[in-house]
Amino acid sequence: MDLQSYMPVPPGIRMEENFFSLDDILLSHERLPCRTESAFPRLGFLEKSSETRDIPEGTKMEMPLWLAKGLYERKRQVLSVELPKVYREEWRTVFGADPIVVDLHKMGPYYYGLGSQMLHFDSPENPEIANTILQTFIGRFRRTMDSSQNAYNEDTSALVERLDCLERSLKWVTCMYVCVIERLV
Amino acid sequence: MSLLTLRRNFFNVHVITTTKIYRENCLRWYIGDLASYDFIPKKYRHLSATNKFTMFCEKAVELIRELHRMGDGQLPAFNEDGIRQVLEEMKALYEQNQTDVNEAKTEGKSELIPSIKFRHSCLLRNQRCIAAYLYDRLLRIRALRWEYGSVLPTTIRFHMCAEEMEWFNQYKKSLATYMRSIGGEEGLDITQDMKPPKSLYIEVRCLKDHGEFEIDDGTVILLKKNSQHFLPRWKCEQLIRQGVLEHVIS
């Protein structure tokens, strides 16, 4: 199949999501730790172990991102979202120290995408989170591009396992173009 | 007196801690990471920050995953069953929301509003998944026209539903109209030569008697059935399209 004919909708940039993008839909399926600030009557059946009819106030649950975005309001009447582990203080220092070493695929395959979406939830740490994501990407970018240029000649699968989805698509595009150039030369 | 133990902390540095705290921390890490861990012993249940919740819209995301798995543009079979299930879920959610909205309006029960918003988000999510599923399939079908030409192989045709087939025919017609309108009188087939051609001359075989054929440098070639010639590409293309000549790929 000629890869150039099929052009899927790309994922959104910055804090936006593209409605039709398959990547963005899978990204917004990731679960976040949340705490309900108001009760949800008649939805108790969603919790497997409970016998109550409602989801009481103050329940800690893991909500998918799309639901958290849909229910979140600035005044925090309904939901309060906690940051996932990867975007908290401890991990931010790890990324600050050396971003290249971290296995981003294990940390949730959508590190950059989810991080950008977390900025919707008005946490006081937003500027630091945004800065960390940016610096991580800058730190890892060189290694990613380097490996994709050499992927033609050697097996880089060990490195690819540690990349998150954004980096993988970047690497894939670069590899494709490197192949095209190699064939012409 | 609690035993002291040596362990490695987050930064891989050895620290001294008590065995009890070490054990609780391990479990905290273990349970916190495994959100899908079914059975947690009662005495450690307070360590689990999250309960196990199911959610709506799982079937819709499964449809999307099915497409996402085939990243190279192949068209999988149309998952009519999946779409039907998602639509049923949407119908159930909508009906529940209708009753709740009526109740909230007539009896003034404003505490139902968070649940209404919850279900509404689920409905929007299902709608988004179905729309993205159908749209991505159309993008793949569009790519098929450029890949296989006007006539699709039967295996692929079975993967398309009736409406998609209809869309494909309309797309073919639009493309043909456009190609006829450019490139002068006869039109220009832009689906040919997707990659730059390797050579200027190609080997062709004659399929039927066409008579005499003059090429640019003045030479006249007699096109008789089953004769093979080595001719300039641009001269042959039209005859190949008409079915008089056949490109021989050795």
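How many bridges join strand β4 of chain B to β5(B)? I shall come to that after a brief orientation.

This is a predicted model, in which local features need pLDDT of at least 70 and side-chain atom pairs count only at pLDDT 80 or more, while totals for chains, interfaces and linings use all residues. Residues are numbered from 1 along each chain as its sequence is written, chains are lettered from A and ligands numbered from 1 in the order in which they are written, and side-chain values use heavy atoms, with hydrogens and water left out.

Chain B contains 7 helices and 7 strands, taken as DSSP runs numbered from the N terminus (helices H or I, at least four residues; strands E, at least two). Their order along the sequence is β-β-α-α-α-α-α-α-β-β-β-β-α-β. UniProt, in an unreviewed entry, places the feature "domain: GINS subunit" at residues 94-182 of chain B; such annotations may be inferred rather than shown by experiment. Over residues 94-182, the chain is 84% helix and 0% strand.

Now to the opening question. Strand β4 (residues 211-214) is joined to β5(B) by 4 bridges, and the two run antiparallel; pairing requires that DSSP find at least two bridges. Within this pair, B:Glu212 stands opposite B:Leu222. The two strands form a hairpin with 5 residues between them, and B:Gly218 in the turn has a positive phi of about 100°.

In a regular strand the side chains alternate between the two faces of the sheet. Along β5 (residues 220-223), B:Ile221 and B:Leu223 point to one face and are buried, that is, under 20% relative accessible area with a 1.4 Å probe, protein chains only.

Methods
Buried means under 20% relative accessible area, exposed over 50%, partly exposed in between (1.4 Å probe, protein chains only).
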